[in-house]
Amino acid sequence: MEDSELFSAAQRLPTSRRPLLGLTILVVEDSRFACEAMRLLCLRSGARIRRADCVKSARRHLKAYRPSVAIVDIGLPDGSGLDLIREISSATPRVSVLLGTSGDLGREDEARDAGANGFLQKPVSALATFQQSIIDHLPEEWRLAGPRSLSDEIIEPDVLAFQDDMAHAADILADAECSANLDYLAQFLGGVARSIGDTPLADAADRLASARKSGDMTDSAQTLIAGLVQDRLENKVAI
């Protein structure tokens with residue numbers, strides 16, 4: 001049964017407090033911290049959430065069901081989120097709302113060109129922004145009738161999810177002989193760091209990304225990243 005049929009059958013109509021009630025949102029996101037933020041945003045909005053942490057997992061989900069909304073991170077560990085957006089956008093029937101997301105600035109046009117309806121710039125923490133970015137593209141019959149009060153709530157994910165991301169980064173660094181792993185690490189850590197407001201880590205991730213693009217084979221940027229990741233794992237806090 002499609003989500004649209006479930007929506008009608010269960011009569012789960014949206015309310016002012018829960019304007020996304022009745023919707024299922026597939027979040028394709030490799031960061032545990034960012035995914036926890038999405039989970040809380042969906043919970044506050046009344047939406048059900050399904051999660052995939054890579055392209056392969058997302059494709060497996062999409063073979064089994066069609067969500068109402070798909071939110072796809074552009075940088076994923078096993079492929080391009082942009083390619084996945086193209087696949088979802090061209091599928092028939094199409095997901096009603098398809099959004100791209102990234103912690104890197106300037107990726108919105110790429111997501112829209114790939115077929116996304118809209119874009120969420122990380123960090124995604126404002127409940128009203130999250131809700132409106134989806135409501136703007138919903139079919140008219142799925143929207144809440146009449147005026148709706150906007151929430152000023154800001155979501156704050158558990159810092160333990162950030163620790164999970166640091167552990168993941170440490171695992172990648174342990175296998176850093178693969179150059180593709182370093183490219184992914186720079187993108188991954190940059191997004192996580194900007195989501196939690198960790199400026200030193202974000203700057204170090206940008207430095208590693210620049211070094212990779214310029215062909216700089218010295219390990220100073222990688223060493224800096226390794227030290228920052230280890231520090232955050234040992235201190236159990238984010239800056």
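**Reading a predicted fold, step by step**

Me: Leaving aside its neighbours within four places in sequence, which residues is Val229 in contact with?

Reply: Val229 is in contact with Met166, Ala169, Ala170, Leu173 and Leu189. Contact means that heavy atoms lie within 4.5 Å. Before we go on, please note that this is a predicted model, where local features need pLDDT of at least 70 and side-chain atom pairs count only at pLDDT 80 or more, while totals for chains, interfaces and linings use all residues. Residues are numbered from 1 along each chain as its sequence is written, and side-chain values use heavy atoms, with hydrogens and water left out.

Me: What is the largest nonpolar core made of?

Reply: The general idea first: in soluble globular proteins, nonpolar side chains tend to be buried together. A nonpolar core is a set of buried Ala, Val, Leu, Ile, Met, Phe, Trp, Tyr and Cys residues joined through side-chain atoms within 4.5 Å. Buried means under 20% relative accessible area, exposed over 50%, and partly exposed in between (1.4 Å probe, protein chains only). Here, the largest core has 26 residues, and Met166, Leu185, Leu189, Leu201, Ile225 and Val229 have the most contacts inside it. Two or more residues each come from helix H7 (159–174), helix H8 (179–196), helix H9 (199–214) and helix H10 (220–235). H8 gives the most, with eight residues. Another core lies apart from this one, with 23 residues that include Val97, Phe130, Ile134 and Leu138.

Me: How many helices and strands are in the protein chain?

Reply: Helices (H or I, at least four residues) and strands (E, at least two) are DSSP runs, numbered from the N terminus. The protein chain has ten helices and seven strands. Of its 239 residues, 47% are buried.

Me: How do I read strand pairing, and which strands does E3 pair with?

Reply: Two strands pair if DSSP finds at least two bridges between them. Strand E1 (residues 24–28) pairs with E3 in the parallel sense over four bridges, and Ile25 has Val69 of E3 as its bridge partner. E3 also pairs with E6 in the parallel sense, over five bridges, with Val72 opposite Gly100 in E6.

Me: Are the faces of E3 buried or exposed?

Reply: Strand E3 covers residues 69–73, and five of its five residues are buried. Val69, Ile71 and Asp73 are on one side, Ala70 and Val72 on the other, and both faces are covered.

Me: Why does Leu120 count as buried?

Reply: Leu120 counts as buried because its relative accessibility is 4%. This residue is found in strand E7. Not counting residues up to four places away in sequence, Leu120 touches Met38, Ile71, Leu99, Gly100, Thr101, Ser102, Phe130 and Ser133.

Me: How do I read an aromatic pair, such as Phe33 and Phe162?

Reply: A pair of aromatic rings is described by the distance of the centres and the angle of the planes. Rings of Phe, Tyr and Trp (its six-membered ring) pair if their centres lie within 6.5 Å; planes under 30 degrees apart count as stacked, over 60 as edge-to-face and the rest as tilted. By this rule there are two aromatic pairs. Phe33 and Phe162 are edge-to-face, with 6.4 Å centre to centre and 80° between the planes. Phe33 lies in helix H2 (residues 32–45) and Phe162 in helix H7, so the pair ties together parts that are 129 residues apart in sequence. Phe33 and Phe162 are both buried.
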